[in-house]
Amino acid sequence: MSTLFSDYDLLSALWMTIKLTIAAAIGSLVVGTLVAVLRMSPVPMLRFLGTSYVNIFRNTPLTLIILSCNLVLWAKLGINLADSKSPDFFNTNNFRLAVVGLVLYHASYVCESLRSGVNTIPLGQAEAARSIGLTFGQSLREVILPQAFRGSIVPLGNALIALTKNTTVAVVIGVAEMAAMLAKVTEDDPGLLNQAFVASAIAFVLLTLPTGLLVGHLGKKLAVKR
């Protein structure tokens with residue numbers, strides 16, 4: 001194991017996985033909330049757009065989405081997400097493209113998690129909000145979304161855990177995270193492969209287990225009592 005740590009930068013790969021997780025989680029929460037609002041909108045066209053987004057990205061393989069971000073957004077359309085004059089342009093650009101792909105994919109799951117939280121709210125609360133003159137936006141902000149987030153803590157936590165594990169797909173566009181480290185070990189020294197797999201498994205357990213425990217605790221503590 002000491003040879004593995006001395007010859008390969010596991011900590012750097014782990015840190016890259018953490019950065020991908022944090023950036024994509026924030027983006028997925030923002031985009032997913034917006035898509036959930038579209039799906040709950042009283043305007044049919046907005047509901048159609050929200051539903052279409054979820055159906056398209058939830059049913060498209062994540063690998064294909066991330067590859068498309070690289071081959072279409074950057075290679076074909078020339079959309080750079082980093083300074084092209086920077087010496088670290090390719091690494092930074094690929095990292096940000098991977099984040100975009102992860103956000104597009106996981107926002108659909110965040111949206112459905114929030115909708116599951118909305119379904120726990122009695123219909124009478126929305127009717128009461130309308131009866132006192134609140135607009136649709138005010139009802140969402142003051143009544144619906146706060147309870148929806150509380151009711152969907154566990155599904156959102158599960159989506160975060162899935163996102164953490166799915167960061168390994170970023171290897172397809174050259175992002176140097178844990179899967180890239182495994183690929184490099186496989187190519188350079190297959191004798192260290194078992195150790196590399198064990199180290200990767202331990203790393204992901206350390207990342208996801210505390211999240212699962214925290215989400216379970218918060219789910220029970222913040223559950224809306226009926």
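The side chains of Glu-112 and Arg-58 meet in a salt bridge, with an N to O distance of 3.7 Å; a salt bridge is defined as a side-chain nitrogen of Lys or Arg within 4 Å of a carboxyl oxygen of Asp or Glu. This pair links distant parts of the chain, Glu-112 lying in helix 5 and Arg-58 in helix 3, 54 residues apart. Helices are DSSP runs (H or I, at least four residues), numbered from the N terminus. The model is predicted, and local features need pLDDT of at least 70, side-chain atom pairs count only at pLDDT 80 or more, and totals for chains, interfaces and linings use all residues. Residues are numbered from 1 along each chain as its sequence is written, and side-chain values use heavy atoms, with hydrogens and water left out.

The structure holds three salt bridges. Arg-39 forms a salt bridge with Glu-112, with the closest N and O atoms 2.6 Å apart. Here too distant parts of the chain are linked, since Arg-39 belongs to helix 2 and Glu-112 to helix 5, 73 residues apart. A salt bridge also joins Glu-112 and Arg-115 (3.2 Å, N to O). Because Glu-112 and Arg-115 are three residues apart in helix 5, about one helical turn separates them. Through shared partners, the salt bridges join Arg-39, Arg-58, Glu-112 and Arg-115 into one network. Arg-58 is partly exposed at 31% relative accessibility, and Arg-115 is partly exposed at 28%; buried means under 20% relative accessible area, exposed over 50%, and partly exposed in between (1.4 Å probe, protein chains only).

Helix 5 (residues 89–118) also contains His-106, which counts as buried at 5% relative accessibility. Leaving aside neighbours within four places in sequence, His-106 is in contact (heavy atoms within 4.5 Å) with Ser-28, Leu-62, Ala-159, Ala-162, Leu-163 and Asn-166.

The axes of helix 2 (residues 10–40) and helix 10 (residues 193–221) come within 12 Å and cross at roughly 35°; axes are lines fitted to C-alpha atoms over the stretch in contact, and angles run from 0 to 180 degrees between N-to-C directions. The contact involves Leu-10, Leu-14, Thr-17 and Ile-18 of helix 2, and Ala-199, Ala-203, Phe-204 and Leu-207 of helix 10.

Phe-48, located in helix 3 (residues 44–58), is exposed, with a relative accessible area of 51%.

How values were computed. Helix = DSSP H or I, 4+ residues; strand = E, 2+ residues; numbered from the N terminus.
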